[in-house]
There are 2 protein chains.
Amino acid sequence: MEFRKVSDAVVKRMPRYYRHLKILEEHGVDCVSSNALAKQLGLTASQVRQDFNCFGGFGQQGYGYNVRKLRREIRSILAIDKEYSAIVVGAGNIGTAITYFGGFQEEGIHIVALFDVDPDLIGKAVNDKPVLDVKGLGQYIKDHDIDIGIITARRSVAQQLADSMAGAGIKGIWNFAPVDIVSKVPVENVHLFDSISNLTYKIGKNKITD
Amino acid sequence: MEFRKVSDAVVKRMPRYYRHLKILEEHGVDCVSSNALAKQLGLTASQVRQDFNCFGGFGQQGYGYNVRKLRREIRSILAIDKEYSAIVVGAGNIGTAITYFGGFQEEGIHIVALFDVDPDLIGKAVNDKPVLDVKGLGQYIKDHDIDIGIITARRSVAQQLADSMAGAGIKGIWNFAPVDIVSKVPVENVHLFDSISNLTYKIGKNKITD
């Protein structure tokens, strides 16, 4: 399959295209040129064409792209056209927010349970999903064939949680703990500290320029 | 100042160094070589040295880096050695989670208020911070000299909120809405959808390889 050679940078732009095409579709736009897409996204038209060529095109020269079809193709490339079951490990504030967040359900990612060590949280429910004892984590993943493990637990236990989830057959890990998880399964990290400190860096630079 | 020429890629690695040095410091490590740092972070030693050279070094050839000093220097480069006041616009689940999240307080970022349109939320408090009417957003920023605006509101209003915050003198915007904000002030986006769809992409690729 051709798209296994695609660079990380191209893959990272795909969700941006997807989000934008979704907005165009909602606004009733049927067709969009690479020029228009590039302008709207702050890219060059040749970059847009190159990006789409990595995955085999999608367009007819001179006709622009069919918005709906293009969005469906990107959806399939990103593999968000499938259904995923997910669990959240760490039923604190971030874990709770993610469990309530509607944006993933829409895209086929279904959180089915949360896990925690805190006896005060175990047995409760978050957005109607049970909070279970983390001791049963591995068995639960096996029994329910869980696809995605979302780590919102403390930094000090994150790697260990990732290891036990990967051992139990999880297919991917989405990590919010401030540590770079290493795993045999795919990992995506959301490092909130890195993001806010990139912002303070830019603010600091701006002040120097003033 | 030399560090205004530093590439985005280098700046983006700085928080990773910072987080790692913090762990080393907590474990009582006084000194670390570029080789050891590289190994621990999955980089090459020459990349580590190059990265630090962008900011003028920090090390003495052959002696390794003083962990505490290096962390303090990076802290200063990232401008997280200063205090920032922040507001959260959108008092829903993500906004609430961020308000409770301890990680930013530690680094000098203090959330002082939340804003919303929902009359059921206005007048309440989240982690002892008041939820105020979004109508008063601009005035509040001016009156309290707020540094950072955190957008956790709906996509459709995010750009407009960014514009009114920038107009009122905010210094930077941290955006969680699934849209790429354009502003005259620095913006950092946290796109949760992009992150999870990069994960599903990798999971999808893995299945093909199986």
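This is a predicted model: local features need pLDDT of at least 70, side-chain atom pairs count only at pLDDT 80 or more; totals for chains, interfaces and linings use all residues.
Which residues in α2(B) meet which residues in α3(B)?

**Stop 1: two helices**

Select residues 34–41 of chain B for helix α2 and residues 45–54 for helix α3. Their axes sit 8 Å apart and the packing angle is about 110 degrees. That makes α2(B) roughly perpendicular to α3(B). Now show side chains for the answer to the opening question: B:Ser34, B:Asn35, B:Leu37 and B:Ala38 come from α2(B), and they meet B:Ala45, B:Val48, B:Arg49 and B:Phe52 from α3(B). Sorted by class, this contact has five nonpolar residues, two polar and one charged.

**Stop 2: the sheet**

Switch to cartoon and look for an open sheet of seven strands in chain B, in the order β5-β6-β4-β3-β7-β8-β9, with mixed pairing. At the edges you'll find β5 (125–126) and β9 (187–189), each of which pairs on one side only.

Next, pick β4 (residues 109–116) and β6 (residues 129–133) of chain B, a parallel pair with three bridges. Click B:Phe115 and look across to B:Leu132 in β6(B), which stands opposite.

Then go to β7 (residues 148–151) of chain B, which runs parallel to β8(B) and is joined to that strand by four bridges. Here B:Ile148 stands opposite B:Gly172. Stay on β8 (residues 172–175) and show side chains: B:Gly172 and B:Trp174 point one way, B:Ile173 and B:Asn175 the other, and all are buried.

Bring in helix α8(B) as well: this helix lies across β3 (84–89), β7 and β8 of chain B, and runs at about 170 degrees to β7(B).

**Stop 3: B:Thr152**

Select B:Thr152, in the loop between β7 and α8 (155–167) of chain B. Is this residue buried or exposed? It's buried, because its relative accessible area is 15%, under the 20% cut-off. A polar atom of its side chain lies 2.6 Å from the backbone oxygen of B:Gly90. Beyond its close sequence neighbours, B:Thr152 is in contact with several residues, including B:Val88, B:Ile94, B:Ile98 and B:Phe176.

**Stop 4: across to chain A**

Finish at B:Asp194, in helix α9 (residues 192–209) of chain B. With 8% relative accessibility, B:Asp194 counts as buried. Which chain A side chain makes a polar contact with the side chain of B:Asp194? Show A:Arg19: the distance is 2.8 Å. Leaving out residues up to four places away in sequence, B:Asp194 touches A:Pro15, A:Arg16 and A:Arg19.

Methods:
Residues are numbered from 1 along each chain as its sequence is written. Chains are lettered from A and ligands numbered from 1 in the order in which they are written. Side-chain values use heavy atoms; hydrogens and water are left out. Buried means under 20% relative accessible area, exposed over 50%, partly exposed in between (1.4 Å probe, protein chains only). A polar contact is a pair of N or O atoms within 3.5 Å; within protein, one must be able to donate a hydrogen and the other to accept it, and residues adjacent in sequence count only if both atoms are side-chain atoms. Contact means heavy atoms within 4.5 Å. Axes are lines fitted to C-alpha atoms, for helices over the stretch in contact, and angles run from 0 to 180 degrees between N-to-C directions. Angles under 35 degrees count as roughly parallel, over 145 as roughly antiparallel, 65 to 115 as roughly perpendicular and the rest as oblique. Ala, Val, Leu, Ile, Met, Phe, Trp, Tyr, Cys and Pro count as nonpolar, Asp, Glu, Lys and Arg as charged, and the others, Gly among them, as polar. Two strands pair if DSSP finds at least two bridges between them.
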